[in-house]
Amino acid sequence: AIARCLAQEPRLILADEPTTALDVTIQGQIIAEMQKLVAETGAAMIWVSHDLAVVESIADKIAVMYAGRIVEYGRAGDVIGQPAHPYARGLLDSIPSRTTPGQHLNQIPGMAPSVLHLPPGCAFQPRCRFADAACAVPPPIVDTGEDRWARCVRPLAPEAAEAMRAAITTLGAHGLNASSQHAEGRSARGMVEGARRQLAALAGCEPSEAIFTGSASEAAPAVR
């Protein structure tokens, strides 16, 4: 199917998960060949995929979709390096890393909604750790940089995204129920409370108003 498509020398190629069922070696060969032909013919290509590693390697620009809508758009390096939308951040944080072996993966809590029964306002707000009353109305498109935007009332600034990731990692590593009275327990509680204050500040609320969901075995805390 891929060969038949490229043989027609199209000006626009819409590739919907074209290499999903292939092994990594064949996948790499096909991607390299498609990139070569696109460069030679000057065709444009839209690549639809859940594989962020593949997307990062071939795309100039990335559009992140949630519940049928684009929630973030920008240059590939910007979106992958410093995502502005909480959903894009959650996707990247759920990918295993070779630099942090043995740690719990950060998860996006809940399930994706049916496009037939979307929640009011932002479709991601029931699962978003930053959701508040402002998310009950349809989110605006916010310009977050050069040729880049996010559909969010509170897009993550680069420093906020990094602080958020560090805070969630702390909560995931030490759990939310550090109640032991020995020295190690007190140290863990201190780290958890520090992470709680960080996330509360990012969410724009007081630490006492921050409610976390998850447990020591589920690295999925949230600020509501």
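Predicted model: local features only at pLDDT ≥ 70, side-chain atom pairs only at ≥ 80, totals over all residues.

Q: Leaving aside its sequence neighbours, what is Tyr 66 in contact with?

A: Beyond four places in sequence, Tyr 66 is in contact with Val 71, Tyr 87, Met 111, Ala 112, Pro 113, Ala 123, Phe 124 and Arg 127.

Q: OK, zooming out. How many helices and strands are there?

A: Seven helices and six strands. Going along the sequence, the pattern is α-β-α-β-α-β-β-α-α-β-β-α-α.

Q: And how much of the protein is buried?

A: Of its 224 residues, 33% count as buried. The accessible surface is about 12900 Å², with 56% of that belonging to carbon and sulfur atoms. If you take the contacts with a separation of 6 or more, residues 24 or more positions apart account for 50% of them.

Q: Now the sheet. What order do the strands come in?

A: It's an open sheet of four strands in the order β3-β4-β6-β5, with antiparallel pairing. β3 and β5 are at the edges with a single partner strand each, so one side of each has no neighbour in the sheet. From one strand to the next, the twist averages 25°.

Q: Which helix packs on the sheet?

A: α5 does, touching β3 and β4, and its direction makes about 100° with that of β3.

Q: Is α5 largely enclosed or open?

A: Largely enclosed by the rest of the structure, because seven of its eight residues are buried. The buried ones in α5 are Pro 86, Tyr 87, Ala 88, Arg 89, Gly 90, Leu 92 and Asp 93.

Q: Back to the strands. How many bridges join β5 to β6?

A: Four bridges join β5 (residues 141-145) to β6, and the two run antiparallel. Ile 141 sits opposite Arg 151, and Asp 143 sits opposite Trp 149.

Q: And what joins β4 to β6?

A: Two bridges, again antiparallel, between β4 (residues 69-75) and β6 (residues 148-151). Trp 149 turns up here too, as the bridge partner of Tyr 73.

Q: What's in the turn between β5 and β6?

A: Those two strands form a hairpin with two residues between them. Asp 147 is in that turn and has a positive phi of about 50°, although it is not a glycine. Most residues other than glycine have a negative phi. Asp 147 counts as partly exposed because its relative accessible area is 40%, which falls between the 20% and 50% cut-offs.

Q: Where else is there a positive phi on a residue that isn't a glycine?

A: Glu 9 is one, again with a phi of about 50°. Glu 9 is in the loop between α1 (2-7) and β1. With a relative accessible area of 63%, Glu 9 is exposed.

Q: Changing topic: where is Asp 23, and what does its side chain reach?

A: Asp 23 is in the loop between β1 (12-16) and α2 (24-41). Its side chain reaches the backbone nitrogen of Thr 25 at 3.0 Å. Asp 23 is partly exposed, at 45% relative accessibility.

Q: Last one: is Gln 27 buried or exposed?

A: Buried, with a relative accessible area of 14%. Gln 27 is in helix α2. Leaving out neighbours within four places in sequence, Gln 27 is in contact with Thr 19, Leu 22, Asp 51 and Val 54.

Notes: Residues numbered from 1 in each chain as written. Heavy atoms only, no water. Buried < 20%, exposed > 50% of the residue type's maximum accessible area, 1.4 Å probe, protein only. Contact = heavy atoms within 4.5 Å. Areas by Shrake-Rupley, 256 points an atom, 1.4 Å probe, with all protein chains shown as cover. Pairing = 2+ DSSP bridges. Polar contact = N/O pair within 3.5 Å; in protein donor to acceptor, adjacent residues only side chain to side chain. Axes fitted to C-alpha atoms, helices over the stretch in contact; angles between N-to-C directions.
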